[in-house]
Every structure is written in structure tokens, then in C-alpha cells.
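Trainee: I have a model open and would like to learn how to read it. Where do we begin?

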Amino acid sequence: MNTQFWIVQIFNGVSYGALLFLVGSGLSLIFGVMRIVNLSHGAYFLWGGYIALSVIWATGSWALSLPLAALAVALIGIAMERLFLRSAGLEWLRNAVIAVGIGVLISLAVNTRAPQIMGGGWVQFVLIAAIGALAAYALLSRIAVVPIDNDVLRQVLLTVGFAFLFQQAALDIWGGNNMDINPPAELTRSIQIAGIYVPLYRVFMIAMAFVIGVALWLAMEKTRMGAAVRATVDDAQMARGVGIDTNRISMFIFALGAFLAALGGVIGGAFLGVYPGLDFEMLPLAFAVVIIGGMGSLGGAAIGALAVGLADNFGKALFPELSYFTLYAPMVLILAIKPVGLFGRE
Amino acid sequence: MASQKLKILAVIVALLALLYIVPQSGSFVVLLATRAMAFAILAMSVDLLLGFTGLSSMGQAAYFGVGAYLTAVLATKLQFGLGWDFWIVVLLGILIGAALAALFGLFAIRATGVYFLMITLALGQCVWGLAYRWNSLTGGDNGINMTGRPNFGLDLSNDVTFFYLVFAFFSVSLFMLYVLVRSPFGRSLEGIRERELRMQILGYNTWLHKYIAFIIAGGFGGLAGVLWAHTNGHVSPETVVLTTSVDALLMVVLGGAGTLVGAILGAGIVFGLREYLSTLVPWWQYVLGGVYVLTILYLPMGLMGIPSLVRQRFKGRPKEAGANMATKELASKPS
């Protein structure tokens, strides 16, 4: 265990922390603004990676896959937030989306169980789906929905339901194989500094997280929008009282969180891989970041990410049998002593 | 109270019907019912916390996991628990679940609402981390393969015999939990769920009440784990993973929190969908995810809430937001 070991481990920990910052900062902002524990955040990470793979297959450009995947997942995030988590005013659209889903499932079921009715034609498929959807819509619009906006547990469980749906959809679209995102050759090289080999990709990860972190910080501290977000984190009711449109802020932050998670998924895909189950592996780590740092605090997320990245790396290197325990036990202690996290505000 | 007696009678009839029908069905159904019942004990323990005490635990798999790992480790490393000493393992499983809950409760009970959810998630992850990484004890990612089921006069390797045993544990658990939630202690728990502050003002030690409920739930979780290890024949980190806790929570919400029968119904439906539907169609998880989303959005009181929903409809009363009391309480707490 010489200095070189320590330097390499610290470097690896910091670069892993950089990745965790991307996932954790979004989760933290969403929690801060909406008080929602978003359990589909891991799915956003995974989908970022998968969509990037599709973009790379189609265009061959890794650089293009970064923004495209992140934007696509941000749109998914907006749809989920507008239609399901804050659906006031759009109930009919939510009911319609669900009804179409039910209709398609009915069609699929008929296709599997009674193919003679279907006859293999897509016209019949659409027809049966449409009839099913109409019936489902008629039924759903007759049920009075109890608003979900102020119900923490139902919101959390709803995001889990979506996490399962995303998981299955990813499996259907991209299959169950373990895949890798290959960044351009310039980034996969290693350079030698003072006798230590430094993989450039990890330097890129740190730089990327740093740039995004600074940009987020500037946006939060220096812009009007950022001030409104901070006000909403502190006291949403009060913010509404002084005329801040917290509804719009929540949509914006949810999209931003999904964007960041997907970006993390693309960047992490080169180094963790992209595979089914990655979503629920990243999720608890992102939570550790948020809890240690404090929910709703950007600086806290940065420190939490560094702490988790380092704890994870050193845990695995020094006492592998206890490595995850050494990661989550401090999380429990922090929660028990200061439930809002180290840098969170009550 | 007459309707209460009627409900109890209905549950007893349903259980007897299950006892009669399942062994006559194929081995697939027997195994499915056994798994669902073992897991239903865990779901009921979640219901005790969520539905009756208003605590949404995201880490109930921890107690399930220690029960299962205890059984597997004792059976494979020490050959213990494969004869009459199975009953000692059952007792130890309950005790280790309760003991772990007693330890975890010290950290968790103080927290409320969403923070309770987070801290139980973190505690569950601690246990998962140990199961996943502590190779020498738990076999790491591969888990532990059980060598066989206990044989003490009764040969449990016979699936039907084992079904009867799990059925017995399941029925006794249901009965005990029912007595518990109907007892004065259970009533105080419901009081805490509705308005904790008021209970404190009335002089109840609400921390202690919640702590005891947490320990009892841990004990039942441990019991479910012991049975699960023998049902499955294989214990792996999958048993302790976050999604297992979430599954149990979703089952309770699906069936209807605050009704023990709802937890059982939820477990039955989820296992039925997962294991039966998955043999029919490859896209079964859409159905499961869809059922979850539909229940959460449209049926906050779960399936058990449907009768009252229908009744309200026919009486034509203005539909008062029929939110589940447990979730309502969570929402009304200042964060």
C-alpha cells in the first residue's frame, strides 16, 4: 500500500463520484422541489445508456448520442411528471394514455391466446386495441381519482410502477445482453503522469461533472429561475404565495433531473456497461448521495457524490466483504442523526 | 358487529376452500400457493406497519433476508434444522428478525413520513450489502443452494406436505396479527396512524408503540424468510434486494392497506400474475406494472376498497375523497 495505491484509488473514487453526482444531483433537486422520492430515477439512467446505444448504431456518432439520449429521457420525464405526478388539467390525456395501453395489451393477449380472431393482420390488431381502449377510457373517466399531489407514499409507489414498466420495455426493445458504449478512441487512451497511468475517460468524467456542476450552480444562484427554484425548495407554499409558478418549476426540475440521470447513463455506459438490472443497482447509490448530501441541496449532492464514490472505491479495495455495508451504514447514521442530510435544510 | 363476524366467516371459508382445492390441483399450483403464502406473511408484516401504524417501510426485505439466510446457513454449514430441530430454526428465525428490527428501530422510529421511508431503505441496503459481499458466509452473488427440506416424521420434501405446513404457519400468523390489530394495543397503533400528536397528548408513549410494532413486524418477516428459504430451495441477494421490499409494499397497497386480507390478496395476485402469466406471455410485466399504476391512481384504498366505492356510487352520496387513512396521514404531516 504505497502512495501510488492511494492516489489511484482516490482518482478512481473521485471519477466514480463524478458519475454519481450526475445521477444524484437530479434526484436531489426533484426531491427538494417536489418532495417526491423518484424511484424511476435508475430507469432514466438505464434508458439514457440504451438510447445512446441506439443513436450510436444509427449515426455512428458518440458525441451526438450524449445530448440526444439526455433530451429524449428528459421528454419521458416531462410526460411522466405532467401526466401522472401532477396531472391537474390533463386528466383526460392521462386516462387516454392508460386506456391506449390497456387496449394494446388486450390486443396482444388476443393475439397470443386466440390468433384465429386476429388472423395476423394489423388492421384487426388496431381495431381490437381501439375497442379495448375506448371501453377502458369510458370506465376510467367515470372513476373519481383521488389527487395524488400531496400523497408521498402513492407518488413513490407510482414511480416504482413506472420503474417496472421501463424495465420491461427496455428488455423488449434492447434485449437482455450486456452492452458497452464505446467512446471515441481519443478518450479511451491512457496518459502517463509521474509514473501513474491515468485513463483519459475518467478525466473526462470528472471534467464533465465539474462543468455541469458549475453550470447548475450558476443557474441556481445567479438566475431568476434559479432563485425561484431555491424558494420552492425552502417553502413551496410560501413560494406560491409570492407568485412563483411552482407547478412549472416542478416540471422543469423533473425534466432536468431526468436529463442529468440520462447523461450519467451515457457517460457511465462506457465504464459500467448497459444491462438489465443496472437501473435498480444505481438507484440506491443515487439515494446514498442524496441522503448524505442533503435533499434539495446541490453542493450537498456534490459532496455526497464524492463521499459515496470514495467510500465505494476504498470499501471495495480495502475490505471487500463489507464494502456495501461501509457505504450504507454511514447513510443510516446520518439519517438517524440529521434526517435532512448533512447540508439539507428543514 | 354482525358484519364483522360475517367477514371472519368468509375468510375462514376461503381458507378452508384453499386447503381443499390447492392439494388437488397440479404441482404448479401447489408450489405457487406455497410461495404466495410464505410471502404473504411478509406482506402482512408490512401491512401491520403501513396500514395500521402508518409507517411505510422500504426495508422489510431485511428481516425476510436474515430469516432466509439463517435457515440456509444453518442447514448447509451445520446440517442444522433438517430434522425436528427445524422448529428451533423457526424460533431462531423469528427471534433474529425481531432482534434486527429492534436494532434498526432505534435508528428508524424517530423519523416520520418520507424520512422513515428513506432510512428503512438505507437499513435494508445495509443487509443487502452484507448478503451480496460477505462471500464466506452468504456465498455472495451466487447465494446458497439448500440441500433439501426438513424431515421430522413429516417428510417436507413432498410439496403437498410442505404446502400444509406453510398453510398452517400462514393461518396462525393471520390469526395472531388479527388478534393483535383488534387488541387495545392495535387500536393505539391506529390512533398513532390517524394523529400521532393527539395520542402523545393523551399520554401514550407513541415511540414505544411504534417500536414494538416494528419489532413484531420484524419477527413475522423473519418467519416468512425461514419458510421462503425452504420453499425456494435457494437463497441469494435477490431475497434481500430493494425490489423485494418494494414488492411487499405494493402488494399491501394493491390489496388495500389496513386490511390484513388485502395484503394476502395482493400477494396472491402478484404471485399469480408473475408466475402464471409469465408462462403464457412474455410481456407479463407490463400487466403487473399496469396493475400497480392503475391501483395507485384509481384505487387508493386498494382492491378491498372496491365494495365501499361501489356502495358509495349506488347510494349516490357525494364521493368524499376516500384516500387511505395511512397515506392521508403521511401526506398531512408537515415535512
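Mentor: With the helices: a helix here is a DSSP run of H or I with at least four residues, numbered from the N terminus. Keep in mind that this is a predicted model. In chain B, helix H1 covers residues 2-21, and B:Val11 is found in it.

Trainee: Is B:Val11 buried, exposed or partly exposed?

Mentor: The general idea is to count C-beta atoms within 10 Å: 20 or more means buried, 12 or fewer means exposed, and partly exposed lies in between. B:Val11 has 17 C-beta neighbours inside 10 Å, so it counts as partly exposed.

Trainee: How far apart are B:Val11 and B:Val66 in sequence and in space?

Mentor: They are 55 residues apart in sequence, and their C-alpha atoms are 30 Å apart in space.

Trainee: How many residues of chain A and chain B are in contact?

Mentor: Contact is judged by C-beta atoms lying within 7 Å. By that test, 44 residues of chain A are in contact with 52 residues of chain B. On the chain A side, helices H4, H7, H13 and H15 each give two or more residues. H7 of chain A, with 12 residues, gives the most. By class, this side of chain A has 33 nonpolar, six polar and five charged residues.

Trainee: Which domains does chain A have?

Mentor: The assignment gives domain 1 as 3-88 + 147-337 and domain 2 as 89-146. Their C-alpha centres lie 34 Å apart. Six residues of domain 1 of chain A are in contact with eight of domain 2 of chain A. The domain 1 side of that contact divides into four nonpolar residues, one polar and one charged.

Key:
Residues are numbered from 1 along each chain as its sequence is written. Chains are lettered from A and ligands numbered from 1 in the order in which they are written. This is a predicted model: local features need pLDDT of at least 70, side-chain atom pairs count only at pLDDT 80 or more; totals for chains, interfaces and linings use all residues. Two residues are in contact if their C-beta atoms, placed from the backbone, lie within 7 Å. Ala, Val, Leu, Ile, Met, Phe, Trp, Tyr, Cys and Pro count as nonpolar, Asp, Glu, Lys and Arg as charged, and the others, Gly among them, as polar. Domain bounds come from an automatic or database domain assignment.
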